[in-house]
Each structure stands twice: as structure tokens, then as C-alpha cells.
Amino acid sequence: MTPMDGFSAEELFTKKNGFTYNDFIILPGFIDFAPDEVSLESRLTRNIMLKSPLVSSPMDTVTEHKMAIGLALLGGIGIVHYNNTIDEQVAQIRKVKRFENGFITEPIVLSPENTIADIDAIKEKYGFSGIPITVDGKLNSKLVGIVTNRDTDFETDRMKKLSEVMTKELLTAGKGLSLSEANQILKQSKKGKLPIVDGKGCLIAFMCRNDLVKNREYPLASKDSRKQLMVGAAISTKEESIDRLDALVEAGVNVVVIDSAQGNSVYQIEMIRYIKKKYPEIEVMGGNVVTQEQCENLIKAGADSLRIGMGPGSICTTQMTMSVGRAQATAIYKTAKFAKGQSVPVIADGGISTIGHISKALSIGASAVMMGSMFAGTQEAPGEYFYENGIRLKKYRGMASVEAMEAGGSKRYFAEEAKIKVAQGVSGAVVDKGSLFDYVPYLIQGLKHSFQDMGTKDITALHGRLYSGDLRFELRSPSAQLEGGVHDMYSYKEPKYM
């Protein structure tokens with residue numbers, strides 16, 4: 001029998017020290033398949049499957065409707081933060097649920113007095129230029145025209161008013177038509193845009209031909225039984241979350257994440273029980289937890305999945321400030337092994353900054369990864385870009401930063417009424433990563449190559465090898481970690497995505 005190199009995960013994680021992602025490496029397996037044969041389908045909760053094991057964190061600089069829509073189209077899911085009013089969070093959820101209907105319910109609108117330069121600015125910022133024109137530049141006003149690329153491409157005077165270039169003979173559709181009816185109008189007319197108007201000719205929605213090919217372009221899209229994009233929402237354990245929960249369920253949320261820095265509390269247990277009793281069809285993600293005892297309490301309460309991590313995030317200072325938490329890799333392995341016996345998936349939350357970290361999290365038992373900083377710099381993340389020392393950046397802050405707590409984030413730290421707020425996170429900035437629709441496919445392809453190197457075609461098989469001991473690991477010394485990265489170079493150019 002050929003001796004096995006390295007160590008099993010059980011041998012590795014029963015040592016006295018706690019380990020995180022950079023402390024170990026996965027030994028290679030046998031390759032007999034191509035990367036495109038790899039399936040990354042995995043469970044988010046007991047009953048929700050994702051084609052891509054990627055989840056965005058419920059942070060106010062990470063996930064609102066644009067992030068949630070983009071991730072759902074690409075096979076993952078976004079969890080909308082609750083640093084807002086109930087109505088604001090519900091509005092975000094509804095935008096995601098309505099998106100799959102094919103109608104843009106809040107289109108950008110201009111007036112005839114705007115200029116072609118305004119169209120240029122919209123195109124640069126949002127990537128599209130088909131704009132409906134109403135008498136006063138507002139939704140629910142009289143539709144008077146539409147401007148597309150064909151109206152502006154050859155105009156040299158970019159200060160020319162839209163009234164001089166807009167198309168005034170319009171094909172429109174009336175309020176109340178179905179998606180299939182709207183699709184049929186677009187197909188027959190061979191038009192690219194379809195304004196939706198009410199009985200008075202006022203613009204109430206907009207539709208683009210691009211929506212017709214959505215299913216073909218995004219075959220991995222995360223959809224529910226109603227063929228709508230799936231989306232999650234965070235709530236706290238505070239009393240106001242009862243009303244928030246009711247509104248979110250009515251809006252069509254698919255999974256509720258109870259957002260607590262330390263999830264092993266009587267408050268969260270009671271909240272989980274309440275949700276599962278009142279809304280048994282709603283999946284509940286409990287957390288955050290890092291020990292088997294914590295897992296047991298939340299699973300007994302009815303949690304459908306668990307969020308793992310206490311202090312490993314790039315903007316989190318909990319471990320340093322509170323001296324409580326656990327090394328992330330050890331936390332994932334221990335909790336995943338326990339939860340596996342209850343058929344409850346665990347989601348690795350925090351500490352991920354590379355494709356390799358995602359692979360490692362999955363290899364030690366996680367079913368999916370939740371990421372904040374990895375998504376924060378994308379176009380779809382909330383906030384505006386700014387420049388610092390010539391670098392294009394976006395704001396990124398921890399929900400336990402003073403700035404975020406003042407805006408409501410202290411709810412997850414049981415500090416909402418505290419006279420003195422102790423920060424467990426910082427505010428900062430991350431580099432522009434471009435569009436999610438370029439970035440996520442890159443992450444997914446990188447993961448597939450990693451799985452090929454491990455000699456495993458899917459996450460279920462990976463977990464099977466993990467618990468059988470066939471998947472082998474090795475600890476890395478500081479020198480080995482240094483050797484595993486770029487070194488001994490006078491200069492080099494980093495790839496766009498690390």
C-alpha cells in the first residue's frame with residue numbers, strides 16, 4: 001500500500017493551536033477531468049441550493065439590491081443589510097424580486113432640457129445609455145421621447161439638448177401587461193426598449209431587450225419556485241425585528257440571517273424559534289458561531305444553516321479588542337463536522353482574500369463562503385468611487401466600526417442603548433474591482449482549477465474525501481508561506497484580481 005503524505009483534517013485540527021487559512025495547504029490529487037467538468041453546486045441552508053457557493057455579507061458597504069441581483073444571476077446570493085429602516089430594507093428586497101420579472105421599475109429618467117453630456121455621464125457610470133424622456137425628467141410623468149445610442153453616437157455637440165435628438169415616435173405598452181406579453185411585443189417590433197405607461201401616458205416602468213436573453217446568459221441564476229431571483233436579508237434579535245421580519249416575508253425574502261457577532265445567546269435562540277414557528281417555510285441562518293456547543297444550541301432552536309466566524313474579517317478587531325473568538329480554519333472544521341451530523345450546512349464568514357482561501361474553506365467543511373471585502377470594491381457595491389493618491393477606491397467599513405454603529409450597526413453587538421460604544425471594527429477603503437459580472441466568473445473559474453488540482457469534481461465529493469481522510473493537508477511554516485507567494489523579484493505587475 002502506498003503511504004499517504006501529509007495529514008488528514010482530523011489530525012491537523014486536533015492539535016493544540018488554532019489555524020487559519022494561511023497556516024495550511026492542501027496536497028494535490030489525481031487529475032482525470034477538465035476544470036469545466038467541476039460543479040460548485042452546494043447548499044446554503046437545509047433546503048436552498050446554490051450553483052455558486054458565494055454569498056455577500058450583510059454590510060452597508062457591501063450588499064444592497066444591485067449586489068444581490070448580480071450575485072443571484074451568477075449563481076450565488078446576496079444578504080441585504082439592516083442598517084436602515086424597515087421600509088428601506090424591504091424596498092431593496094422588492095427590487096431584487098421584481099428584477100426577474102424583466103421590468104425596470106425605477107429607470108433613470110431625463111427631461112428634454114438635459115443634454116447629450118448627461119447621457120454620456122450615465123453611460124460612464126452605469127454602462128447603459130437608453131434613457132426614457134419625460135416632461136420633467138421624473139418617473140410617473142408624461143413620456144415624450146427616448147434617447148438611445150443611435151440618437152447620439154454621431155453628434156459632435158455633446159451640449160445639445162435631448163429635445164433636439166430624442167426619438168418621439170414611440171412604441172409603448174400599457175400598465176398591467178404580463179412579462180410574456182411584453183416579451184412578445186419586443187420580439188415582434190424588433191425594438192430594443194419598451195416604455196410602460198399608464199392610461200394618461202405617464203411612464204411607470206421600462207423594459208430592455210437584454211432581459212429576453214437573461215436566462216440564456218445566466219444559466220446558473222439562483223431562483224425560487226416562482227422563478228424569481230433569490231435574496232436574503234439580515235435582521236437583529238431586537239424587538240423591532242419582529243415587524244421587520246413580517247415585512248421582509250411579505251416582500252418575498254428567501255432566507256433570513258440573524259446578524260449577531262456572538263450568536264450563542266438566549267435572544268437569538270428565541271428569535272429562531274419564533275421565526276420557525278410563525279414562518280416555517282422561511283430558511284433561517286443562525287450565527288455567528290465558532291464552537292460545537294454554540295452550533296448545538298442554534299441547531300436545536302431550528303437554524304437551517306450556520307454562519308461561522310468571530311473576528312477574522314479584514315476590518316474586524318473583535319479578537320484583538322475582546323480577546324474572544326477562534327482561528328477561522330479551526331472554527332470551520334470543528335463546526336462543520338458537528339453540524340454535518342444534523343444535516344445543517346455551515347457558511348464560512350470572514351478572513352477570505354483570495355481564491356485559495358475560498359477553496360480552503362470549502363475543503364474543510366464549509367458549504368459556501370460569505371465575503372465582504374472581496375465584493376466591496378465592485379461596481380455593484382453601495383457607495384461612490386473616489387480617488388486617493390491616484391487609486392480608485394470605494395468605502396468599506398466594519399459593522400462594528402464607530403461610523404457604522406452610529407448608523408445602526410450596534411444592533412448586532414447588543415450595544416444599541418450603550419452610552420459608551422466600543423468599536424470592534426474599522427472604516428477604510430478597498431480598491432476598485434470593476435463589475436461583479438467580470439469578477440465573479442473569474443473567481444468561479446479559479447475555484448474550478450483549484451478543484452481540479454485537488455482531484456475532486458464537486459463539493460459533495462470534496463467533503464466525502466475530507467471526512468474519510470483521503471483529502472490530505474500539511475502545515476506551512478512562515479518560510480513556506482513566504483515561498484508560496486511572489487518573492488525575490490525586483491519588480492512585478494500584479495494581476496487585476498489576486
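Modeller: Start with contact, which means heavy atoms within 4.5 Å. Residues 24 or more positions apart account for 67% of the contacts in the protein with a separation of 6 or more. This is a predicted model: local features need pLDDT of at least 70, side-chain atom pairs count only at pLDDT 80 or more, and totals for chains, interfaces and linings use all residues. Residues are numbered from 1 along each chain as its sequence is written, and side-chain values use heavy atoms, without hydrogens and water.

Colleague: How many helices and strands are there in the protein?

Modeller: The protein has 18 helices and 20 strands.

Colleague: Which strands close into a barrel, and in what order?

Modeller: Eight strands do, in the order β4-β5-β11-β12-β13-β14-β15-β16, with parallel pairing. From one strand to the next, the twist averages 25°.

Colleague: How do you know that β14 pairs with β13 and with β15?

Modeller: Two strands pair if DSSP finds at least two bridges between them. Strand β13 (residues 283–289) is joined to β14 by four bridges. Three bridges link β14 to strand β15 (residues 346–349). Both counts meet the rule, so both are pairs.

Colleague: What covers strand β14: are its residues buried or exposed?

Modeller: In β14 (residues 305–308), S305 and R307 on one side and L306 and I308 on the other are all buried. Buried means under 20% relative accessible area, exposed over 50%, partly exposed in between, with a 1.4 Å probe and protein chains only. Of the 498 residues of the protein, 52% count as buried.

Colleague: What makes β13, α10 and β14 a right-handed unit?

Modeller: They form a β-α-β unit, with helix α10 at residues 292–301. Point the strands away from you: if the path from the first strand over the helix to the second runs clockwise, the crossover is right-handed.

Colleague: Why is α9 called roughly parallel to α10?

Modeller: Helix α9 (residues 266–278) packs against α10 at an angle of about 30°, with the axes 8 Å apart. Angles under 35 degrees count as roughly parallel, over 145 as roughly antiparallel, 65 to 115 as roughly perpendicular and the rest as oblique. The angle of about 30° is under 35, so α9 is roughly parallel to α10. Axes are lines fitted to C-alpha atoms, for helices over the stretch in contact, and angles run from 0 to 180 degrees between N-to-C directions. Q268, I269, I272 and R273 of α9 meet N297, L298 and A301 of α10.

Colleague: Why does G434 count as buried?

Modeller: Its relative accessibility is 11%. That is under the cut-off, so G434 is buried. G434 sits in the loop between β19 (427–431) and α16 (436–454). Among the residues it touches are G377, T378 and Y385. T378 is 56 residues away in sequence, yet 5.1 Å away C-alpha to C-alpha.

Colleague: Why is P219 called exposed?

Modeller: P219 has a relative accessible area of 61%. P219 lies in the loop between α7 (214–217) and β11 (232–235).

Terms used: Helix = DSSP H or I, 4+ residues; strand = E, 2+ residues; numbered from the N terminus. Lists of a residue's contacts leave out its neighbours within four places in sequence.
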